[in-house]
Amino acid sequence: SSLYVLPLGFVESSCRSRIFWMKLNKLLLQGKFFQLEIYDPYSGPVLLDEKLASRCGYVLSEDVWGNPVFRASVLGCHVASEADELFSLTVNIKVSSFSSMRAAVTYIYPMYCSYASWASREIVCEENYMEVSVKTDVPAVSNDYTVAWMSALPETQNVAYQQWQLMFVSPSGRKRITVSDAVKLGYSFNNTLSRVYLRAPYHSNESDISLVSGVNMNMITSTSMYRQRWLLLLIDTTVSCPVDGISFTDTTLTWTVPRVIPTLVVQESTFLSKSIVMGVDDQVIVNPEEMNYLLEHNETHIRITIPIGAEGGKLESSISGGVYGIIYCIDLFLEHTWTDAGWQTTKYTVIKSITTPFKPQIPTVMNNTVPEERLFNVAFGHFLPDVSLVAITVGNVPFSLREAQHHSFKIYETPFSNGTKAFILEVSFDDPYVLKEYVNRNETKYTLLINYTLSVGLEMTLYYHSAEVECVIADIEVPEAVGSCDEENLYLTLPTFGLHQYWDLYLGNKLLTRHVALAYGYLAATNSTHLILQIPLFAGGLIYEDVSFQKIKARFDVALRKVRTMETLQMFSISCSFNSSAFIICQPDGTIMVSAQMKTVPAIDMSKTKLRDSSCKPREYNEAHAFFKFHVTTCGTSVRFEGDHIIYENEISYEKETLPGQSIPIITRDPDYRLTVLCYYQAKETLVLGAFSSDPATSPPFGSGVMSPHSNTAAYRRVRQVLNVVSRVSKDESFMEFYGPSMTILKQPMEPVFLEVELKDESPNVELYLENCWVAGYPDFNNTPRWNITVDGQVVLNVQRTH
């Protein structure tokens, strides 16, 4: 690798108390890999790894902003010292574009610190090691006193001459080891001109966890021993550091450290706090309250409370289990200086990096749409600055941000006073990717389906969130129809806007299509804005409100219904009166109205016209017209089936007057007058008023009846001769099973009835001829109304019969 001059702003360093503090600029390391080497004056560069760091007093981590941070104790393994006051350490920073670190660039960075104000005992609790250093300026002691002391302490008898040894006291007992053996166990022990120090990893075999004022402390109880000819040096190198003491609420984090640590204070009654100082990163905070920090202490605790989100720390976005949330990080240190009888001064420093637990922050979608502007305005937030919008899906169609802007979606960020931001999306109601649904009477529901793709935090984790925003506005005008009439037609004019898109026209329950209009005899025409329907007076679908002699009041109704729900929004009706001299009107309920015109020469008396049943006379008449109104079940009307039509037929005729006199031939001066009346009904749509009367006891469309044979003529013409005639109703066309006599039979209107009438007489001069058969509502033969089965021997209903 090559040596290079450091880029400007790449490295910052400082001396905090007795710690080298170095920070690298992450922006100049983007997309690159780096390693640190510690320069050993005797053997050259040594690669920094975790094991070396905890043994030698080094820390490599990141600050809350993601910048790499290196810290080193001035008592570190590779630090050069002058008179325990001036310290220097050289670090090699290797940077490469490859993870294998090939083709690395090496920057040499020397650091210098001065620290003269040593306390008699100094303890540092770092992230990965504990360190205690003790002053060793020992007064001259007489040899006699030394011998007496040594004889009093049996453990010291075996201390090697002119060699440091360590004695650890732990729950498993006492252990005395040499310094070289201690190094193998991860410890570091050394002495300088005026001090001796011990550095230990957390949770070694020789350590113990004890609870002090509710805080777990990792403690190593040790004595460092050195023997010379005239001197035995026993130094208390006990060290104790907190391993927890962090607690959180929704809004704050609290760090608690014991004020008095019994293993470090021999006589608590003599304990006196001299100063308590807190800091963030490598800076002492002189007035914590100015930053909303709270530093407080009582007899047992020192407590630092920091609001989550406070200055000095960093709020950071994070994703956990697909959920968006925030964490807060801050790097703190605490320096507590005290005196007690056992020691002149102890300076106790704890460095702590704190991260709050993941706190879910479900983002909210805020609908700021102003309907009048016909523009969706949707805010999505609140997010920290480390969140960015990378893509958006609208109406299930994905867009990159560039494509979205090109499509005329408007996307921008809006900041909030608390440092968060929201993403604003603006989409027109009329955009093709907005769902539109016609609702209620005159409203449209616009639905915007959104799926956001966000990049979150330093890791740039992708996060997805979907939203649905609706807006209902009254922006549809329900059409109004205009009706008019001329001498022979009714007209309906209505706007075509929204027709078949939002609503349809219905004639009864039938959708009014061009095909249906044609079948009913309507004429339909459209221009760019309107539909015009022409309905001739006698076309299908008209309602005849009032029909009298030469006068017809006709009404045409159409319903405006919603396309999907069939809900009726509006009824359009045109009603007009017409003068008509000749017509036949067949009503759906089976009523027939006829205006018959006299067209014979010479003229006949229209009052003497009649239907097949001569009792059915005109209701109104004048010289030229006769008006009849009757039901299809009366006045001798016959019925027949033709394809899917039912045809009812009757005839208007004139009763000729005969001259008195000779019996044959009959002489009359009247012309012949016959007018056939036909009414066609669609079999599947018309309620056929057939051979059975409605029975109140049964629900429609059923009828019931009893069949009884009857011969009026036989009763008075042939009194002496009794005919053996039997009539029955068969259950089906096989004529194998029959209903019993006087049994009530239920049939649907279109169901056939199978009748059998049989003459049992064997006399050769008798034959069976069915003249008139009918059905009545009750057994009384003279009961009306009646429904004909045969008239003059002709079958008028679809009834099968046998001999």
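The model is predicted: local features need pLDDT of at least 70, side-chain atom pairs count only at pLDDT 80 or more, and totals for chains, interfaces and linings use all residues. Residues are numbered from 1 along each chain as its sequence is written, and side-chain values use heavy atoms, with hydrogens and water left out.

The protein chain has six helices and 65 strands (DSSP runs numbered from the N terminus; helices H or I, at least four residues; strands E, at least two). Of its 803 residues, 44% are buried (buried, under 20% relative accessible area; exposed, over 50%; partly exposed, in between; 1.4 Å probe, protein chains only). The chain exposes about 42,300 Å², of which carbon and sulfur atoms supply 51%. Among contacts (heavy atoms within 4.5 Å) with a separation of 6 or more, 60% are between residues 24 or more positions apart.

Proline 398, in strand β34 (residues 397-400), is exposed, at 59%. Beyond four places in sequence, proline 398 contacts Ile392, Thr393 and Glu403. Its C-alpha atom is separated by 10.0 Å from that of threonine 453, 55 residues apart along the chain.

Threonine 256 lies in strand β22 (residues 252-258) and is buried, with a relative accessible area of 10%. Residues up to four places away aside, threonine 256 touches Val215, Asp244, Gly245, His301, Ile302 and Arg303. With arginine 303 there is a side-chain to side-chain polar contact of 3.4 Å (a pair of N or O atoms within 3.5 Å; within protein, one must be able to donate a hydrogen and the other to accept it, and residues adjacent in sequence count only if both atoms are side-chain atoms).

The chain averages a pLDDT of 86, and 86% of the residues score at least 70 (pLDDT is the predictor's confidence in each residue, from 0 to 100). Over residues 686-721 the pLDDT is below 50, and this stretch has 54 contacts beyond near neighbours in sequence.

Notes: Accessible areas come from the Shrake-Rupley method with a 1.4 Å probe; for residues, only the protein chains shown count as cover.
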